[in-house]
Number of protein chains: 2
Amino acid sequence: MDIKGFQFSAVEAAIKKQGRKDLALIFSEVPAQAAAVFTTNAVKAAPVLLSAERIAGGRAQALVVNSGNANACTGEQGMRAARETSRLVAEGLGLPDEAVQVSSTGVIGVQLPMDRMRAAIPALVEGLTSGTLDDVAEAIMTTDTFPKMEARSGQAGGVSYTVAGIAKGSGMIMPNMATMLSFIITDAAVEAQTLDRCFRRAVATSFNAITVDGDTSTNDTCLVLANGMAGNQAIAGETPEALAFEALLRDVLLSLAKQIVKDGEGATKFVEIRVTGAKSDADAKRAAMAVANSSLVKTAFFGQDANWGRIFAAVGYSGAEVDQSLLSLCFDTVCMAKHGVFAGGDAEALGTEVLRKKEFTVSVDLGLGAGAATVYTSDLSHEYVNINADYRS
Amino acid sequence: MDIKGFQFSAVEAAIKKQGRKDLALIFSEVPAQAAAVFTTNAVKAAPVLLSAERIAGGRAQALVVNSGNANACTGEQGMRAARETSRLVAEGLGLPDEAVQVSSTGVIGVQLPMDRMRAAIPALVEGLTSGTLDDVAEAIMTTDTFPKMEARSGQAGGVSYTVAGIAKGSGMIMPNMATMLSFIITDAAVEAQTLDRCFRRAVATSFNAITVDGDTSTNDTCLVLANGMAGNQAIAGETPEALAFEALLRDVLLSLAKQIVKDGEGATKFVEIRVTGAKSDADAKRAAMAVANSSLVKTAFFGQDANWGRIFAAVGYSGAEVDQSLLSLCFDTVCMAKHGVFAGGDAEALGTEVLRKKEFTVSVDLGLGAGAATVYTSDLSHEYVNINADYRS
């Protein structure tokens with residue numbers, strides 16, 4: 001991956017129990033244009049509060065992130081810990097405090113062990129000479145079973161640039177940035193408003209279109225840094241270059257989002273829920289999310305049970321406008337129900353075949369209008385219960 | 001139980017596979033004042049559509065109910081089946097069709113086996129001479145592990161009367177009447193508007209304050225029949241008699257609602273979630289429901305993990321107005337968090353002790369106002385996944 005002007009580092013600060021790297025740093029050699037989307041939860045972690053305040057200026061040069069501790073529900077002491085962490089990193093790098101973004105993920109309600117953070121930060125800064133983005137992707141994992149990365153290259157005015165991203169998250173995944181961290185870096189030069197607009201639109205149809213369990217966390221952060229070191233003329237406006245950049249960014253985000261669903265806690269299935277024929281796109285998303293979040297639907301996926309009736313029931317309570325006599329539903333290309341009733345014939349056997357696959361699509365047509373939405377989800381398995389019953393022990 | 005003028009019957013119509021009784025009848029010897037609350041799901045079962053139309057008149061004399069098949073997502077054929085069922089019962093009892101309420105619960109999307117219904121209805125009507133309310137409570141069970149009944153006696157103007165109720169439901173339990181049937185009978189005479197008002201208020205703080213998995217079904221029905229055969233002067237208005245009747249009705253409904261949660265699919269815990277200090281009662285209910293429906297919170301209950309941070313996170317995304325620095329939380333009388341942060345001391349050990357109990361209370365204070373709400377829920381266990389993965393097989 002050829003991405004100019006970024007350095008990476010990850011060390012073990014012993015915040016997690018497992019003896020794995022848990023403190024990481026991304027550094028841009030020059031100040032970068034920055035944009036971010038944070039959790040919509042009213043209970044926000046200290047690093048979210050601090051970073052959101054700083055990102056308002058639209059610039060950042062470093063990101064320090066720890067796993068193993070969310071630094072959420074930690075009050076004033078937690079805010080001091082987030083500030084001290086960023087100050088120590090800023091001092092090590094010779095940056096103003098405000099240039100440092102801070103991010104945390106892990107257990108809620110426990111104070112960050114600042115003694116261990118202080119001890120680890122010098123090595124973290126030194127490690128920048130030899131680290132890789134892979135190291136950072138591994139260090140931010142919590143219950144993730146694999147690191148999540150994606151990179152794509154594009155061109156602007158004949159100059160090549162790269163967009164690379166990493167993400168973590170496997171439980172508490174829900175639209176509006178649920179326990180999920182994702183950091184995107186690019187060496188492209190992008191004008192501030194254009195970066196912000198492209199990023200928000202890309203997030204809406206990627207990270208905000210996935211759900212594992214319907215919970216929204218206190219720490220979610222999706223951050224993009226564009227340092228311009230590719231040397232292109234800044235991408236701006238609604239030009240072909242800007243549209244191409246947005247498409248590339250969206251590809252990277254969608255790939256990361258899908259990786260998160262595939263790594264969903266205990267997931268054995270990856271399911272795309274497509275709703276069409278809704279009165280509006282918002283209605284379509286409401287219906288798709290109700291299906292994607294229904295425990296009853298998700299356990300039926302796990303059981304490979306072609307129980308389309310539960311899907312209609314979820315659509316029915318989603319709040320979307322619904323006429324039950326117009327509903328139709330397919331598993332991949334197998335039509336299970338039409339005009340609100342069972343399609344008959346071989347549908348049951350063929351539909352069950354589809355559900356035996358590891359990945360499939362559920363298409364629901366509401367028959368009312370042109371509204372459409374697609375969301376991605378997993379099934380609900382025994383393993384989800386295992387992981388979350390014992391998370392802190 | 002001394003409840004005048006009601007007769008009961010239950011037979012095996014072979015709609016369920018298990019060889020258990022699955023078709024039941026409740027008959028009042030005289031026309032009864034009736035009120036009902038039906039599912040809010042936009043996808044409504046045929047019997048719900050038919051019964052809702054009929055209840056508008058405020059009178060009913062019989063209820064026929066089957067388990068094993070929901071007669072939902074069954075289109076015109078399903079409507080014809082519901083109408084034929086009620087007509088056969090009406091003929092057997094010598095009643096007009098409109099006096100019969102129809103109710104169904106079970107698998108969605110499969111046509112009701114009318115040949116078996118036709119064959120069973122004569123025996124169902126004949127059985128009224130010897131059946132009991134217990135028989136009906138058993139016949140309406142689906143994944144329930146025990147029948148749910150409650151009865152209380154009261155007085156109006158020196159005349160004794162009884163309110164008795166049965167219910168079924170153990171999955172898809174969520175406010176607004178989620179796959180839950182409940183039938184309440186009383187020999188009290190109650191004026192129409194008073195019955196309707198008392199019933200709706202009692203439902204709001206009982207059946208609409210429980211949740212197992214957040215799904216809302218296509219078939220939910222809560223029906224009350226008051227036949228007046230106790231001989232009291234009709235209870236009416238906001239008199240002491242009406243208030244006493246409402247309290248009694250609420251006791252019966254709340255007992256049935258709690259029985260449903262205790263029988264929640266795979267439930268190993270019964271948890272009362274009390275939210276106080278909200279800006280409004282509606283905000284308090286939003287927060288309590290978010291906690292009660294969070295898969296992460298419920299798996300932590302199952303794991304006996306005193307993970308109060310997940311509860312704050314759920315309150316934070318509930319949509320209720322929240323100031324995280326004012327939040328406090330107790331498990332029974334153990335204060336786990338105050339001013340938004342961990343309470344320290346022995347809280348972790350003591351809180352874990354509380355969570356080892358089969359029943360406990362989670363109290364969350366938002367510190368903002370006088371709004372309060374209580375809801376009841378269960379944990380999320382392996383067994384929930386088992387039951388729902390294999391429901392139809």
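A salt bridge is a side-chain nitrogen of Lys or Arg within 4 Å of a carboxyl oxygen of Asp or Glu. The structure holds 31 of them over all chains. This is a predicted model, in which local features need pLDDT of at least 70, side-chain atom pairs count only at pLDDT 80 or more, and totals for chains, interfaces and linings use all residues. Side-chain values use heavy atoms, with hydrogens and water left out; residues are numbered from 1 along each chain as its sequence is written, while chains are lettered from A and ligands numbered from 1 in the order in which they are written.

**Salt bridges**

- Asp144(B) and Lys148(B) form a salt bridge with an N to O distance of 2.7 Å. Both Asp144(B) and Lys148(B) are buried. Buried means under 20% relative accessible area, exposed over 50%, and partly exposed in between (1.4 Å probe, protein chains only).
- Arg87(B) pairs with Glu91(B) at 3.8 Å, N to O. The two residues sit four apart in helix α2 (residues 75–93) of chain B, so about one helical turn separates them. Helices (H or I, at least four residues) and strands (E, at least two) are DSSP runs, numbered from the N terminus.
- Arg87(B) is partly exposed at 35% relative accessibility, whereas Glu91(B) is exposed at 53%.
- Arg152(A) and Glu150(A) are joined by a salt bridge of 3.6 Å, N to O. Arg152(A) is partly exposed, at 31% relative accessibility.
- A network of salt bridges links Arg197(A), Arg201(A), Glu238(A) and Glu246(A).

**Cysteines**

- A disulfide is a pair of cysteine sulfur atoms within 2.5 Å. The count over all chains is zero.
- Cys198(A) is in no disulfide, and the nearest cysteine sulfur, in Cys222(A), is 14 Å away. Cys198(A) is buried, at 0% relative accessibility.
- The sulfur of Cys330(A) has its closest cysteine sulfur in Cys335(A), 4.4 Å away, which is too far for a bond. Cys330(A) is partly exposed, with a relative accessible area of 22%.

**Helix packing in chain A**

- Two packed helices are described by the angle between their axes and the distance between the axes.
- Helix α7 (residues 281–293) and helix α9 (residues 308–317) of chain A have axes that come within 8 Å and cross at roughly 130°. Axes are lines fitted to C-alpha atoms, for helices over the stretch in contact, and angles run from 0 to 180 degrees between N-to-C directions.
- α7(A) and α9(A) are therefore oblique to each other. Angles under 35 degrees count as roughly parallel, over 145 as roughly antiparallel, 65 to 115 as roughly perpendicular, and the rest as oblique.
- Ala287(A), Ala290(A) and Val291(A) of α7(A) make the contact with Ile311(A), Ala314(A), Val315(A) and Tyr317(A) of α9(A). Contact means heavy atoms within 4.5 Å.

**Val64(A)**

- Val64(A) lies in strand β3 (residues 59–69) of chain A. Val64(A) is buried, with a relative accessible area of 1%.
- Leaving aside neighbours within four places in sequence, Val64(A) has contacts that include Leu23(A), Leu25(A), Val89(A), Val102(A) and Leu124(A).

**Positive phi**

- Most residues other than glycine have a negative phi.
- Gln304(A) is not a glycine, yet has a positive phi of about 55°. Gln304(A) lies in the loop between α8 (295–302) and α9 of chain A, and is partly exposed at 29% relative accessible area.
- Ala14(B) also has a positive phi, of about 60°. Ala14(B) is in the loop between β1 (6–11) and β2 (23–38) of chain B.
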